[in-house]
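Subject: Structure handover

Hello,

I am passing on the structure that you will be working with. Please open it first and then read the notes below it.

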Amino acid sequence: MRCFCLNKKEVRVRFAPSPTGYLHIGGARTALYVWLLARKTGGTFILRIEDTDRNRFVPDAVEDIKNSLRWMGLDWDEGPEAGGEVGPYFQSERLEIYKEYSEKLVSEGKAYYCFCTPERLEEMRQNQERSNQPSGYDRHCRDLTQEQVQEYKAQGLNYVIRFKVPLQGKTEVKDELRGKMVFAHETLDDFILLKSDGYPTYHLASVVDDHLMGISHVIRGEEWIVSTPRHFLLYEAFGWEPPAFIHLPIFLSPDGKGKLSKRHGATGVREYREKGYLPEALTNFLLLLGWHPAEDQELFTLEEAKEAFSVERISTSPLSFSLDKLDWYNGVYIRKLSAEELAKRCLPFLQKEGLIPEPCSSQQFDYLVRIIPLVQERIKSLTDITKAVSYFFKEEIDPPAKEMLIPKKVTPEETAVILKEVLAALKEVTDFSEATLEKTLRELAASIGQKPGRVFMPVRIAVTGESATPGLFETLAAIGKPRVIQRLEQAISILG
RNA sequence: GGUCCCAUCGUCUAGUGGCCUAGGACACCGCCCUCUCACGGCGGAGACACGGGUUCGACUCCCGUUGGGACUACCA
């Protein structure tokens with residue numbers, strides 16, 4: 001039975017991404033849950049940048065992470081730009097702290113200097129693999145004497161600091177969702193705390209920082225479960241009380257094979273943004289990926305999620321997600337937007353396609369706002385807007401193919417006659433409004449003895465070049481008489 | 001290989017021993033609405049991995065099997 005009781009002490013939680021790439025969709029889900037827990041409990045949400053890997057550092061990753069979080073509506077109380085009492089919030093600026101704490105463990109005999117070269121380690125690993133032995137450091141330097149250490153240091157050899165894992169016994173760790181897990185010490189090796197470049201490993205840095213920053217709950221991906229005993233061992237070595245741990249189920253690839261990775265399409269939040277997804281849709285989608293409300297409910301604003309969220313309803317099984325649901329959410333939220341708001345959000349996509357100039361005149365924008373309601377329930381992504389409105393903005397459309405203009409079971413000649421009748425009738429219309437156009441065209445169809453559809457379809461294609469469009473009359477009205485006449489004439493000449 | 005985690009419709013999930021003939025959502029199929037497409041409405045198909053226990057009674061508890069996954073770096 002899961003039981004999650006908030007301690008009396010204040011909730012301080014952190015999202016601690018590593019700037020080795022753009023904000024990953026899985027990271028975004030973690031950030032969401034962490035933020036939700038903070039907001040739900042009136043706690044503090046901290047953003048901490050774990051930039052301790054100099055080799056994989058990506059220069060604009062921090063910017064991307066901050067932008068993506070903001071785009072999703074997740075604000076942080078402490079961290080980069082926000083400041084805070086327990087900074088700095090970049091681990092690369094806390095090197096002295098890690099050095100101090102790791103040296104402290106060495107002096108207490110709980111950690112030791114290791115001078116093994118990468119080459120030796122590599123060879124050891126290969127031997128272990130070849131003989132099917134469990135992998136792990138062979139503790140070659142664990143029992144070096146003071147003198148040996150001094151000598152190696154004097155020689156200028158590179159060294160790391162390793163944690164001295166007890167040879168016997170076991171460590172019991174607790175996950176708030178999964179309960180207790182036991183790890184025998186024999187299965188743990190003497191992991192590195194401080195690398196030879198003076199940077200800490202994740203294990204050291206996260207434990208030290210979580211303690212120093214007063215973190216109450218660690219929410220992180222399931223891939224960290226097997227490292228948790230190391231972290232408990234560290235808390236114990238320092239004499240600190242460990243926080244509560246909550247491991248989130250990982251995202252599997254849509255084909256169910258392995259972790260979600262770049263091979264399986266978009267993994268970065270920015271990619272979803274560029275693909276025309278709304279932040280409302282993405283967060284709602286992510287919210288229900290691994291968490292479920294007490295009462296069935298599919299639609300959540302961030303505000304509602306803040307109310308409803310609870311750690312104990314997070315699921316534990318790994319999940320492979322399909323984007324179908326995200327597309328559905330996107331459509332739902334697109335339909336909820338006001339015409340003006342949707343127009344604003346679509347504008348960059350239209351400008352990128354060159355359909356609307358940059359900067360956009362107020363007339364252009366007003367026209368867009370007028371068109372939006374016609375296509376609003378027909379697009380499921382912001383990128384769909386360009387195709388949906390192109391014939392409204394273009395002065396001329398590409399001539400439709402002849403076959404396309406001709407309905408089934410109708411001859412080209414008959415189609416031409418119909419379009420000519422329509423052309424003649426529309427030329428007479430002075431009030432080019434939806435209502436008048438509908439009345440005119442319906443009466444015309446009746447007078448020439450044609451079913452409405454037989455008349456409307458060729459007109460639709462002639463004027464838009466598309467067989468699927470918004471309602472014909474509102475479309476004609478929005479395109480305007482001159483262009484409608486011109487496009488009808490173009491179609492008639494194609495048939496002629 | 002070793003350690004650990006997980007297991008209900010295709011997908012996300014509800015389910016905490018009798019409320020389950022297993023509920024919802026997306027996707028799928030059909031019908032309705034209709035000038036096309038969409039939206040919307042109605043309906044349909046679709047799952048408790050397997051085997052042992054425990055119990056008057058298991059989707060629910062225990063064990064095993066199988067399957068999936070994570071980790072196994074001077075990466076996080």
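This is a predicted model: local features need pLDDT of at least 70, side-chain atom pairs count only at pLDDT 80 or more; totals for chains, interfaces and linings use all residues.

Residues are numbered from 1 along each chain as its sequence is written, chains are lettered from A and ligands numbered from 1 in the order in which they are written, and side-chain values use heavy atoms, with hydrogens and water left out.

**Surface near the RNA**

There are 65 residues around RNA strand B, and Ser135, Lys195, Glu377, Arg378 and Arg460 come nearest. A residue is near the strand if one of its heavy atoms lies within 4 Å of it. Of the atoms of RNA strand B that come within 4 Å of the protein, 72% belong to sugar and phosphate. By class, the surface near RNA strand B has 27 nonpolar, 18 polar and 20 charged residues. Here Ala, Val, Leu, Ile, Met, Phe, Trp, Tyr, Cys and Pro count as nonpolar, Asp, Glu, Lys and Arg as charged, and the others, Gly among them, as polar.

Some side chains come close enough to list by atom. Arg56 has a polar side-chain atom 2.9 Å from a base oxygen of RNA strand B. In the side chain of Ser196, an N or O atom is 2.6 Å from a base oxygen of RNA strand B. The elements that give two or more residues to the surface near RNA strand B are α4, β6 (179-184), β11 (319-320), α11 (323-336), α18 (452-464) and α19 (472-479). Helices (H or I, at least four residues) and strands (E, at least two) are DSSP runs, numbered from the N terminus. The largest share, four residues, comes from α11.

Buried means under 20% relative accessible area, exposed over 50%, and partly exposed in between (1.4 Å probe, protein chains only). The buried residues of α9 are Pro279, Ala281, Leu282, Thr283, Asn284, Phe285, Leu286 and Leu287. Glu280 is partly exposed, with a relative accessible area of 23%.

Glu280 forms a salt bridge with Arg345, with the closest N and O atoms 2.7 Å apart. The pair links distant parts of the chain, as Glu280 is in helix α9 and Arg345 in helix α12 (residues 339-352), 65 residues apart. Arg345 counts as partly exposed at 21% relative accessibility. Salt bridges that share partners join Arg14, Arg48, Glu50, Arg94, Asp209 and Asp210 into one network.

How many salt bridges does a search of the whole structure find? The search finds 33, each being a side-chain nitrogen of Lys or Arg within 4 Å of a carboxyl oxygen of Asp or Glu. Among them is the bridge between Lys110 and Glu108, with the closest N and O atoms 3.3 Å apart. Lys110 is partly exposed at 31%, and Glu108 is partly exposed at 38%. Glu176 and Lys174 also meet in a salt bridge (3.9 Å, N to O). Glu176 is buried, at 12%, whereas Lys174 is partly exposed, at 41%.

**Aromatic rings**

A search of the whole structure finds 19 aromatic pairs. Rings of Phe, Tyr and Trp (its six-membered ring) pair if their centres lie within 6.5 Å; planes under 30 degrees apart count as stacked, over 60 as edge-to-face and the rest as tilted.

The rings of Phe115 and Tyr159 have centres 5.8 Å apart and planes at 55°, so this pair is tilted. Phe115 lies in the loop between β3 (111-114) and α4 (118-130) and Tyr159 in the loop between α5 (146-154) and β4 (160-163), so the pair ties together parts that are 44 residues apart in sequence. Phe115 is buried, with a relative accessible area of 8%, whereas Tyr159 is partly exposed, at 25%.

Tyr391 and Phe392 form another tilted pair, with centres 4.8 Å apart and planes at 40°. Both of these residues are buried. Ring pairs also link Tyr33, Trp291, Phe300 and Phe309 into a cluster.

Regards

Definitions and conventions: A polar contact is a pair of N or O atoms within 3.5 Å; within protein, one must be able to donate a hydrogen and the other to accept it, and residues adjacent in sequence count only if both atoms are side-chain atoms.
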